[in-house]
Amino acid sequence: MEAIESQPFRSLSENVGQFGLGNKTLLIPEMNRIGAHLLAGTFKGFGVNALVMETYKGLDLGKEFTSGKECFPCQVTTGDILFFLKKEKESLGEDFNPENYVFFMPESEGPCRFGMYNKYQRIVLDSFPELRKVKIGSLTSENSYALKGMIEKQQAGNFRKVAYFSVVIGDILDRLLWRIRPYERKQGATDGFIERSMMTMADFFESCGSKIDFNRIIDKLEEIIKEGKSIIDPAIPRKPLIGIVGEIYLRTHVHSNQDIIRVLEGYGAEVVNASVSEWVDYTTYDRMRKAKIDLRLNLKQFRLNKLKSYLKEISNHGVDLYYQQIRRDQAYKRVKPLLDLAEDHRVSHLEKALVKSDLYSFELGTEACLSIAGILEYIHQGYNGVVNVYPFTCMPSTITSSIVKPIMNREKIPFLDAPYDGTYQPGGEATIRTFMYQACQHFRRHGRKKHPQTFKVRTERI
Ligand code: SF4
């Protein structure tokens with residue numbers, strides 16, 4: 001413990017940040033399973049030895065080295081890295097070298113504790129003398145997850161493009177899974193098919209990614225969608241449609257949310273979860289929005305010296321956002337004619353919906369912006385129920401719940417809060433079953449008919 005006692009904060013700045021990945025093994029935590037594997041494939045294509053760690057097997061370790069007051073995703077990911085390193089040490093023995101590993105743990109700015117996970121995990125790793133030299137590689141939402149220093153400068157731009165595309169393709173594969181599993185001819189066929197497709201796409205990202213050959217990747221995706229479609233039994237009638245919003249880790253990490261999508265499907269639902277690319281777009285959009293505000297403020301105060309840097313920031317984030325939207329549209333445009341997969345939202349559209357409803361503001365930030373606006377969209381698109389999935393005590397999700405509940409009551413659309421902390425609640429499944437009973441009633445009465453926008457139109461700015 002000497003390093004900590006003599007220089008308590010140095011490790012946080014020296015061993016958490018952006019480090020070169022050459023000759024290192026990049027350890028990727030499995031949040032969204034498909035997304036993690038496609039990202040690992042992308043890293044490999046750019047010469048980085050990346051691997052996706054097993055997840056949830058080290059939850060006991062995660063709980064042992066946290067106090068219980070941290071957000072649940074922090075406990076899970078702390079357990080994942082400790083479990084991996086423990087096993088690695090056992091299998092390599094004397095050859096284990098902590099300097100060979102970089103643990104990938106992005107962060108975000110703002111009021112949320114997500115920005116502190118990697119600092120906390122640094123303290124935990126530092127408490128084991130043999131793990132102090134394991135670095136934590138961090139990207140931040142403050143610069144839209146730019147990769148400065150991690151990938152060689154000349155490759156960084158291309159890497160970011162391909163990494164974003166891997167997130168979009170991961171979203172589409174997830175949407176394919178949720179579209180076909182409730183209607184499969186042979187029970188269990190979808191899971192095996194999606195697992196194989198994920199591995200195939202990860203290989204494609206590894207072989208085509210660094211060549212920026214997006215067309216080959218989409219061609220392969222088209223083949224997968226066609227094959228997936230053949231799993232659907234057309235005789236099974238469409239089912240009530242349930243939308244999921246919430247905290248990104250919990251709603252995409254099937255172990256932490258006790259596989260809520262499968263449970264809902266078991267009670268007769270077809271489910272669509274909010275996408276991961278939506279969050280990446282949101283961080284880019286929000287940086288651009290903030291730079292515009294700073295620019296206006298400086299213009300008003302006639303402080304002209306900083307104008308150039310704000311203009312540059314607006315244009316950089318604007319170009320990134322434009323690129324991301326084009327790539328996403330390109331992928332959806334190719335797959336939509338093959339199968340009616342759920343569409344994704346544009347963040348600017350979500351902000352407009354929020355402004356119009358006068359329910360919340362992007363000024364306040366956090367995932368509540370996306371969740372509240374996402375729920376408004378689900379209502380508008382005729383979903384038969386909405387579930388808000390989050391870690392117990394999660395701040396943005398609690399805000400979301402308090403704001404949307406009265407609306408859902410007024411519109412008579414079933415709504416369920418689903419908080420998780422790793423324990424099994426005795427009445428948990430009964431709650432889901434009751435919610436699904438209501439959703440089925442809603443479906444029987446209204447089908448999936450689009451809902452008129454009845455929300456109050458905002459007339460003045462706060
Ligand atoms: S979004 Fe929720 S779970 Fe994530 S850091 Fe913030 S409070 Fe914690």
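Student: Of the contacts in the chain with a separation of 6 or more, what share comes from residues 24 or more positions apart?

Tutor: Residues 24 or more positions apart account for 75% of those contacts, where two residues are in contact if their C-beta atoms, placed from the backbone, lie within 7 Å. Please keep in mind that this is a predicted model, in which local features need pLDDT of at least 70 and side-chain atom pairs count only at pLDDT 80 or more, while totals for chains, interfaces and linings use all residues. Residues are numbered from 1 along each chain as its sequence is written.

Student: What pLDDT does the chain average?

Tutor: The average is 92, and 94% of the residues score at least 70, pLDDT being the predictor's confidence in each residue, from 0 to 100. Over residues 1-6 the pLDDT is below 50, and this stretch has five contacts in the model beyond near neighbours in sequence. Residues 457-462 also have a pLDDT below 50, with five contacts beyond near neighbours in sequence. Where pLDDT is low, the predicted coordinates should not be read in detail.

Student: New topic: which domains does the assignment give?

Tutor: The chain is assigned domain 1 (2-151) and domain 2 (237-275 + 346-462), with bounds that come from an automatic or database domain assignment. Their C-alpha centres lie 31 Å apart, and 12 residues of domain 1 are in contact with 16 residues of domain 2.

Student: And which helix gives the most to the domain 1 side of that contact?

Tutor: That is helix 5 (residues 72-92), with three residues; helices are DSSP runs of H or I with at least four residues, numbered from the N terminus. The side of domain 1 that touches domain 2 divides into nine nonpolar, three polar and no charged residues. Here Ala, Val, Leu, Ile, Met, Phe, Trp, Tyr, Cys and Pro count as nonpolar, Asp, Glu, Lys and Arg as charged, and the others, Gly among them, as polar.

Student: Which residues surround the ligand?

Tutor: Among them are Cys71, Arg113, Glu247, Glu367 and Met395, a residue being near the ligand if its C-beta atom, placed from the backbone, lies within 6 Å of it. The shell has eight nonpolar, no polar and three charged residues, and it draws at least three residues from each of domain 1 and domain 2.

Student: Last one: where is threonine 200 placed?

Tutor: Threonine 200 is in helix 8 (residues 189-208). In space, threonine 200 lies 9.4 Å from isoleucine 224, C-alpha to C-alpha, although the two are 24 residues apart in sequence.

Terms used
Helices (H or I, at least four residues) and strands (E, at least two) are DSSP runs, numbered from the N terminus.
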